[in-house]
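Subject: Structure for you to look at

Dear colleague,

Please find the structure below, with some notes on what was found in it.

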Amino acid sequence: MRLAMTAELPTDPEAALALQDRLRGRVDPTNPRPPEFRTVAGLDSAYDDEGNVVAAVVVLDAHTLEPIDTATARGTAVFPYIPGLLAFRELPTTIAALENLGTTPDLLICDGQGLAHPRRFGLACHLGLLTGLPTMGVAKTVWGNHSEPGNERGDTSDILLDGEIVGRAVRTQRGVKPVFVSVGHHIDLDTACATTLALSPRFRQPETTRRADHLCRTLLRSG
């Protein structure tokens, strides 16, 4: 698939901060069209102790959850590990994996943050602008404040940063820790949460994330 805009990939933290500040105003947290996602893609990255990084994209049929397409890429993490700027460690390899993809999915689901980010511009927002596709983040850890949602599948609670709702904690399985959903681009929060539940019929994480994570770990072990 092709990107909708040229990716800027700064290696300097100050330049990365400036880029986030410049781009965040372009994020659209609404559904620009009926949110009918026939194909959904999970994106994930993994690292080893030497700084090698692998990225995987797994495209599934949104209704059957059967795989349609996959793509991978390998690289080296050159950007320093700085909270709030972790996207810049993953972007180069993630972009390469997306460009290797033979199909264009209707929705991208990142293993990370969207608007639930100190500058309201996490990885999901960045990839949404770069691809022009609806994009959302489903993270395993929270960035912001929230109360524990109810114990039943589908229970939610808002995630707040500076008094602003930036996402939701979503209980995808009864009695299991919630995941943390936030908007990336071209999708609203209600749709993102409903999609997360639909893609998590049996496990805590969406099938998109689980499949991409498994492929990343397999790649990393294979060297």
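How much space lies in the largest pocket? About 730 Å³ lies there, where a pocket is an open set of points on a 1 Å grid over the protein atoms alone, at which a 1.4 Å probe fits, with protein on both sides within 12 Å along at least five of seven lines, and where the volume is the space filled by probe spheres set on the points, joined across faces, edges and corners.

This is a predicted model, in which local features need pLDDT of at least 70 and side-chain atom pairs count only at pLDDT 80 or more, while totals for chains, interfaces and linings use all residues. Residues are numbered from 1 along each chain as its sequence is written, and side-chain values use heavy atoms, with hydrogens and water left out.

The pocket is lined by 29 residues, and Leu86, Glu90, Asp111, Gly112 and Thr141 lie nearest its centre; a lining residue has an atom within 4 Å of a point.

Strands β6 (156–161) and β7 (164–170) pair in the antiparallel sense over 6 bridges, pairing requiring at least two DSSP bridges. Isoleucine 159 stands opposite glycine 167 in β7, and in the hairpin, with 2 residues between the strands, aspartate 162 takes a positive phi near 55°.

Valine 181 touches both Ile159 and Gly167, among others, contact meaning heavy atoms within 4.5 Å.

Best regards

Notes: Helix = DSSP H or I, 4+ residues; strand = E, 2+ residues; numbered from the N terminus. Lists of a residue's contacts leave out its neighbours within four places in sequence.
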